[in-house]
Amino acid sequence: HILVLALGLLTSISFGQTLSVGDIVVIGYDVDNTSLDNDGCGIYLLALKDIPVNESFYITDNMWDGSQFLPNPGNETKDGILKLTNSSSSSIPAGTRIDVRNIQTNNTNNVAIYLDGVSTSSFTKSRPQGPSDKIKPQTASDVIYIYTGTTASPNFITAFTVKDFGSTTGDLPAGLGSAGFNLKDGNIIDFNAACAAYNMVIVDFANASEALTTIYNNQNWDAEPNESNINDSTDGGVVDLPAALAG
């Protein structure tokens, strides 16, 4: 799949505003340690609003219990937080794809950030839980949360999961509405997916709201099962990341 994302009519965005619910969405992920080009686990995002200079947001796979973040039982060494701050001289425009690759490493310097497929130093990276902290998403058991504010008092932007809670919402944070997405469509593959990606070939969104509801529609995603001892980025499955996101 070739991903083409056009948000040509997002002209109502105001510069300098902070991020809020639905301003960033997840468009793909890969939990392989050795995916294409050896870039490790990847979380692929799309900005639906300009990200101002000095604006920070957090990515975590810690468990949210409704009042605090906690490591998932048994995954304490694999759950963590990554803080990204736009340290460039200009806003990151709405419609920009943000690839966060090699996110599972415990060396923050090795986490690679790409904007629309091009390596960038626009973001300062830090680990609020400590320098050796890392994020290692687990198939069928993790939720990826993106938020601003603080760990103790997060302002959720989005939450994404393939975890089977027994419902389409499960324990996603209250108040997210359509910005909380569970890739559950009755396909058991989605509950144990090593890779998944938003798969629309041509999209021309009228506004950020339309983009959010279109992207967070499980009919518009492809998932690839987790196959033991196979590099899921080259096993010929449904979706290969990050190639599927090289729009």
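Here are a few friendly points on the model above.

1. Some ground rules. This is a predicted model, in which local features need pLDDT of at least 70 and side-chain atom pairs count only at pLDDT 80 or more, while totals for chains, interfaces and linings use all residues. Residues are numbered from 1 along each chain as its sequence is written, and side-chain values use heavy atoms, with hydrogens and water left out.

2. Strands (E) are DSSP runs of at least two residues, numbered from the N terminus, and two strands pair if DSSP finds at least two bridges between them.

3. Phe-160 stands opposite Phe-181 in strand 14.

4. Asp-222. This residue sits in strand 17 (residues 221-225). Asp-222 is buried, with a relative accessible area of 17% (buried means under 20%, with a 1.4 Å probe and protein chains only). Its side chain makes a polar contact of 3.1 Å with that of Asn-199 (a pair of N or O atoms within 3.5 Å, one able to donate a hydrogen and the other to accept it; residues adjacent in sequence count only if both atoms are side-chain atoms).

5. Thr-108. Look for Thr-108 in the loop between strand 8 (97-101) and strand 9 (112-115). Thr-108 counts as buried at 13% relative accessibility, and a polar contact of 3.3 Å links its side chain to that of Arg-127.

Note on methods
Helix = DSSP H or I, 4+ residues; strand = E, 2+ residues; numbered from the N terminus. Buried < 20%, exposed > 50% of the residue type's maximum accessible area, 1.4 Å probe, protein only.
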